[in-house]
Protein chains: 2
Amino acid sequence: MSTKRPTLEDIARVAGVSRATVSLVVRQSPLVAEHTRMMVERVMADLDYVRDIGAARLRNNSSRTVGVIVPNLVNSFFTEFLTGVEQVMRAQDRVVLLANSEDEPQRQDEILQRFRGHGVDGVILCPAAGTDAALPARMQRWGLPMVQALREVGTQQTDYAGADYVAGVGLALQHLSDLGHRRIAFLSVRAMTSAKAERLEGFSLGLARTGAIDAGIVEADLTWEGAALAADGVLALRSRPTAVLCFNDVLAAGLMLGLRRADRQPGRDIAVVGLDDLPLAELTYPPMSSVAMCPAAIGAEAARLLTTRLAEPGRPIERFLQAPTLMVRESSGTKIV
Amino acid sequence: MSTKRPTLEDIARVAGVSRATVSLVVRQSPLVAEHTRMMVERVMADLDYVRDIGAARLRNNSSRTVGVIVPNLVNSFFTEFLTGVEQVMRAQDRVVLLANSEDEPQRQDEILQRFRGHGVDGVILCPAAGTDAALPARMQRWGLPMVQALREVGTQQTDYAGADYVAGVGLALQHLSDLGHRRIAFLSVRAMTSAKAERLEGFSLGLARTGAIDAGIVEADLTWEGAALAADGVLALRSRPTAVLCFNDVLAAGLMLGLRRADRQPGRDIAVVGLDDLPLAELTYPPMSSVAMCPAAIGAEAARLLTTRLAEPGRPIERFLQAPTLMVRESSGTKIV
DNA sequence: CTCACGATTTAGAACGATCTAAAACGCAGC
DNA sequence: GCTGCGTTTTAGATCGTTCTAAATCGTGAG
């Protein structure tokens with residue numbers, strides 16, 4: 001049925017040159033004479049030649065394929081990140097193998113093996129919560145270059161692209177402090193990741209700097225439903241927080257919903273600030289104050305880090321931290337007098 | 001640096017058998033004797049053997065790789081769809097090549113060529129707006145199996161998995177009609193796709209069935225900002241609609257925001273109903289009535305259609321339409337008396 | 001002891017590209 | 001015409017797997 005697609009051999013036969021010459025044309029080598037190149041290119045166009053990258057990789061070990069592993073495809077933070085990665089990779093004529101670890105280290109391991117089998121040139125990994133800190137070392141033994149993104153395991157053994165959450169949380173706390181809040185709670189998540197550690201670090205640093213008081217840390221499931229349920233926990237805090245900083249926008253949105261269900265108006269009765277500034281932040285009620293982290297830019301940078309590492313394996317390890325921007329809307333309310 | 005990974009040859013040497021035997025073990029052939037199989041498997045485990053799927057594909061023409069092209073990675077409808085695809089593919093030991101056409105047919109063509117070069121077994125395509133209707137025929141000439149999803153070009157030439165938007169719009173109109181609305185507007189998008197055509201068809205069918213009146217069709221950009229801006233257009237309609245049905249939840253959310261900016265309270269002054277029932281529908285204010293389409297289930301079904309077609313190329317074309325479910329929340333308001 | 005037969009195993013060619021090393025070509029200088 | 005040299009082209013090996021066809025093994029029948 002499907003006529004097999006032409007190979008270098010076919011092109012060579014029709015063009016009356018050798019396979020090797022056609023190969024040189026395909027790879028845009030300067031070695032071929034101008035007129036042969038044009039002639040061969042015409043034949044390739046005529047026969048609708050498509051280079052078999054798998055076969056090429058077998059010989060020269062470059063598949064122009066990179067694997068990307070994210071823990072989640074629902075949170076638009078990760079999908080925007082992915083957009084950035086995909087865009088840069090496409091511009092570099094590379095293709096993205098996507099997989100979702102669902103935040104399970106075991107699944108992540110399976111995926112890595114599969115990627116290895118597919119001969120990816122490198123991996124961009126947002127490590128699942130609970131990932132073994134030895135993973136980067138293991139991948140190095142495999143000879144599989146990796147860039148970590150958004151989260152990190154091991155002690156800076158790989159390139160890394162992420163958001164500066166320490167600074168981001170600082171911005172948010174400064175904002176709340178400026179508005180007059182003294183007792184600030186943190187709505188966190190249960191799963192431990194470097195992303196959580198950074199936020200907690202930012203929280204205590206920020207409190208120290210602004211002189212505000214840690215009004216308690218409440219943990220929720222990483223879904224808006226979980227956060228809505230956690231609203232009661234927040235309201236029950238002995239310390240009676242006047243403001244809540246949330247792990248991310250999804251939790252913040254859920255919390256606001258929970259607060260309204262408990263008859264508190266976010267932004268009036270209690271201030272809420274999110275992190276990430278997802279598109280959804282403008283659609284909540286009231287519109288959410290949040291700290292923008294530009295996940296797409298982080299994804300693009302992660303992609304760039306990986307491709308430069310592939311080009312230059314020996315270069316020193318590099319880190320990229322996206323600077324945060326505070327977006328003030330209504331959920332943080334107005335100045336307390 | 002990176003010790004090259006072991007090949008069949010290496011395993012064979014250590015295990016004291018031939019390359020061919022090891023290959024049979026890898027492929028779980030019943031031809032090998034139990035004790036050799038166990039012995040070889042131990043050696044493979046010891047040496048950390050990973051099968052090179054690219055090399056395998058070169059010989060047997062099955063890469064266990066499928067390409068997925070979506071027009072967008074921001075709208076969570078597509079990312080949930082993607083989740084469904086990825087899950088089923090992973091369960092079948094396949095890997096997903098992801099690309100984003102950004103709804104541009106030209107980019108989509110480039111991506112298809114790239115996928116072809118990578119030797120994908122098949123493609124799940126959500127065709128970009130403006131895709132040539134001849135694309136399915138062209139891909140058939142290439143011998144590249146494809147399943148269309150969520151949108152469709154050509155006249156039912158390929159398997160298809162999508163949502164039953166005709167019925168979905170019908171449910172929404174019935175709901176609005178039950179609430180007493182007679183003048184209903186439709187907030188649509190500019191880009192023409194089969195998805196839009198279906199909704200429009202459902203709109204006129206539904207109006208006919210319920211006896212409600214087409215209060216006008218307003219077109220917006222497919223972003224919540226676009227929809228917010230379109231709120232004025234909706235309010236300016238001569239027909240003074242009492243309800244607006246929206247192309248999807250993103251538009252509905254944006255519209256509600258725009259309406260509130262114009263001092264109309266969705267669900268009280270004017271009813272709003274979305275389509276898709278994204279997670280965001282519960283987070284808007286007021287919570288949005290919408291028609292659930294289960295994109296993840298559609299993605300899973302698309303994946304299944306593709307893998308069964310790969311297994312059985314000759315089978316008749318199949319279509320899957322996900323049945324919609326109405327989710328009543330507050331944006332559609334209560335009965336008009 | 002030989003033969004036939006099913007169960008295992010294997011040698012060697014293939015897949016479609018790239019690489020290496022060498023061949024062929026063109027041309028100027030003697 | 002021959003030599004030398006730079007430019008193009010090429011033959012043939014190679015990457016890691018699977019396929020084909022044939023070889024080998026073990027065993028029970030004759």
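Biologist: Which helices of chain A and chain B each supply at least two residues of the surface near DNA strand C?

Modeller: This is a predicted model, where local features need pLDDT of at least 70, side-chain atom pairs count only at pLDDT 80 or more, and totals for chains, interfaces and linings use all residues. Residues are numbered from 1 along each chain as its sequence is written, while chains are lettered from A and ligands numbered from 1 in the order in which they are written. A residue is near a strand or molecule if its C-beta atom, placed from the backbone, lies within 6 Å of it. Helices are DSSP runs of H or I with at least four residues, strands are runs of E with at least two, and both are numbered from the N terminus. For DNA strand C, the helices are α2 and α4 of chain A and α2 and α4 of chain B. The largest share, five residues, comes from α4(A).

Biologist: Which residues are closest to DNA strand C?

Modeller: A:T7, A:S23, A:R59, B:V17 and B:S18 are the closest of the 26 residues that surround DNA strand C.

Biologist: Which elements each supply at least two residues of the surface near DNA strand D?

Modeller: From chain A, α2 (19–26) and α4 (53–60); from chain B, α1 (8–15), α2 (19–26) and α4 (53–60). Here α4(B) gives the largest share, five residues. Of the 27 residues around DNA strand D, those that come nearest are A:S18, B:T7, B:S23, B:A56 and B:R59.

Biologist: How do I read a strand order, and what is the order in the open sheet of twelve strands?

Modeller: Two strands pair if DSSP finds at least two bridges between them. The order is β11(A)-β5(A)-β4(A)-β3(A)-β1(A)-β2(A)-β2(B)-β1(B)-β3(B)-β4(B)-β5(B)-β11(B), and the pairing is mixed. β11 (319–322) of chain A and β11 (319–322) of chain B stand at the edges with a single partner strand each, so one side of each has no neighbour in the sheet. From one strand to the next the twist averages 20°, with axes as lines fitted to C-alpha atoms and angles running from 0 to 180 degrees between N-to-C directions.

Biologist: How many bridges join β4 to β5 in chain B?

Modeller: Three; β4 (residues 146–149) and β5 (residues 159–163) of chain B run parallel. B:A149 stands opposite B:A161 in β5(B).

Biologist: What radius of gyration does chain A have?

Modeller: The radius is taken over C-alpha atoms, and the globule rule is 2.2 Å times the number of residues to the power 0.38. Chain A has 25 Å, whereas a compact globule of 337 residues would have a value near 20 Å. The C-alpha trace of chain A spans about 85 × 40 × 35 Å along its principal axes.
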